[in-house]
Amino acid sequence: MEKIEDKNQQQEEEQVVNPWEVSAKEGGKIDYDKLIDKFGCQRLDQSFVDRVQRLTSRPPHVFLRRGVFFAHRDFNDILDAYERGEKFYLYTGRGPSSEALHLGHLIPFMFTKYLQDAFKVPLVIQLTDDEKCMWKNLSVEESQRLARENAKDIIACGFDISKTFIFSDFDYVGGAFYKNMVKVAKCVTYNKVVGIFGFTGEDHIGKVSFPPVQAVPSFPSSFPHLFSGKDNLRCLIPCAIDQDPYFRMTRDVAPRIGYHKPALIESLFFPALQGETGKMSASDPNSAIYVTDSAKDIKLKVNKHAFTGGQESIEKHRQYGANLEVDIPIKYLNFFLEDDAELEHIKKEYGAGRMLTGEVKKRLTEVLTELVERHRRARAAVTDVMVDAFMAVRPLPNMFD
Amino acid sequence: MGYSKDQLLARLKELQIEFSQYEHPVVLTVEAQAKYVGNMVGVLSKNLFLKDKKHRYYVVSALADTKVDLKVLSQRLGLGKGGLRMAPEEALGEILQVPLGCVTPFAVVNESARHVSLLLDQGFKSQECCIFHPLSNDMSISLNAQGLDTFLKSIGRNPSYIDLEANPPIGKDQPPDLAAFVPSDSPVLSDLPEKAPSAQDSTGKSVGAATNSAAVTAKAVKPSGNAQNVKEKPVDSVRPSIPAADAGKFVEELLDRASALLISEDSIKQHGGQLGAEVANNIKKCLREDIKNLATIFKNTAYTEGFYAGTRYQPKRL
């Protein structure tokens, strides 16, 4: 049985995690165990990682190996079906609220690209320009423009155009998509949506009626040009765990309208440079590494703003070692350093005090610079026509190849 | 497609350059030409198509009587004593796009001859008219140096005349006086026939051999690659870099990265005899993601071009 959030319960809890706000309890960090418990999803344990490796015949993605994607709903069903020869499709998205994308934004896309390549399945990407227009009070034109700009960075993550459909709500809502939206809306009472998302009497009706928009891409019939005749196709949604409420609602509604429940695979929050008290914020440039940062910027940010677990003096550091629990460079390396052996070595040496913070920061700067550089090169190759092509309502005949 | 004789003549008329023309049977040498154009006003020219060791090309156009010493010229260009030789026949067709025996200063009108350096005999200036082939050996045209200048300027060339018979001392304290005539951009065309076989070889051979040919290819390519990159950088922000859809450049980029990674001083020092095995490992580990990303960009760009063409496609008329 899944727990549906109750508004009162939310107010008593210490940490707040929902699509619009993520904050840990006073001075602490996010307690993911509590979150899994509260939300009612499952831990992704090593057996899943091994199974994925077996099924896809390739090494599992670094995010799986390091527990970045750590929770799921019904991922085992997806894998069972896959083993029987039944494919699925991927669904992920972005709320285009700003032009500046940081590494935290890229994480679900990097993982989704891996899933697309490993399982050879199609992908739909939703750009919720309408949501940002409503929540951030942007003009319609501005939110559409941001959607297209963000699409370029998303494409730069390396998605295969012959298997990927990107759409913006303002462009695509209508037809079969809208029919599903109405079906979903009919199944969710006003009280329930207030309970899940915390709407008040002061919130405008746009907000209240938005959730079905994010729910229906989970149903293949929303995309007749792609999945016509494949009503049984399952959906897997890689996302950050703060998006869980949308899909709890969707999973509750799905069986009532005759659809499969979408499966989820959820990630941790990428910590801000200054420390693990919340997620990166696009409005504070020093809290994050942006995809437009130069090598110099990255070096400066890592050196000046990264919160470390190193001791105050070299002598103390050699004696006690670093506090790996709070050290941001180590956490970042955990996300982005591919080589397991090297990471282990660094953790061991740093934790024992034999390696200094400066060295760890240097290695991190290298890794991040390479990542950002590669992204920038890919981004430079994305043209407006390419965005049009990704967003064109067209069949994808080779989407399972 | 190369510029044709008729196009050239039309252009000269457009530019209001005075010239006279004379048709005759095809001639391959100045002596043969002399037999037919003896009645023309003007002095015959001799034209040499030369190449240096770094595959740079030169057209030397001089009065028929001017003595041109290739050894001296080579030194004056800063190419050393034996740096200049006659260009191979294929280059004539590929770069100048004229037939054998038809080298002429007018050939630089072709895009393929963009990087060819043009050296003109100052002797032309003191003559009333000089005779050249207008891109074809079955005709000769006579015009004066000013007319030639006007034409060259119209195609963006700066005509400069030099004393081809001069033999200044070249040494440590006397730099080559014609060094400015050496083309600065490495030409791309001449490298192509050499590049293609290496690229094909490297897929078939074992890893060790592959890296050698890759290294050789990369070295040959690198200068032009860098020159192109430098040119493209300011444009990058406005347009996407062109290699995205060009299969040749795409493969060169891959080979560049592969060899840069493998044939570095560090890797040779580090691994010595084990280099072969290390090379294989490195290719797989470090390059796999990089190359996959490049391949995806390539695929997406190709698809996009098809998509664009599809939106503007005109269905067959029945």
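The model is predicted, and local features need pLDDT of at least 70, side-chain atom pairs count only at pLDDT 80 or more, and totals for chains, interfaces and linings use all residues. Residues are numbered from 1 along each chain as its sequence is written, chains are lettered from A and ligands numbered from 1 in the order in which they are written, and side-chain values use heavy atoms, with hydrogens and water left out.

Trainee: Why is the contact of D340(A) and R66(A) called a salt bridge?

Mentor: A salt bridge requires a side-chain nitrogen of Lys or Arg within 4 Å of a carboxyl oxygen of Asp or Glu; here the N to O distance is 2.8 Å, so the pair qualifies.

Trainee: What makes R66(A) count as buried?

Mentor: Buried means under 20% relative accessible area, exposed over 50%, and partly exposed in between (1.4 Å probe, protein chains only); R66(A) has 14% and is therefore buried, whereas D340(A), at 36%, is partly exposed.

Trainee: Why are E99(A) and R145(A) called partly exposed?

Mentor: E99(A) has a relative accessible area of 40% and R145(A) one of 35%, so both values fall between the limits.

Trainee: What makes R148(A) and D384(A) a salt bridge?

Mentor: The N to O distance is 3.5 Å, so this pair also meets the definition. R148(A) and D384(A) are 236 residues apart, and salt bridges that share partners join both into one network, with K152(A) and R379(A) among its other members.

Methods. Helices (H or I, at least four residues) and strands (E, at least two) are DSSP runs, numbered from the N terminus.
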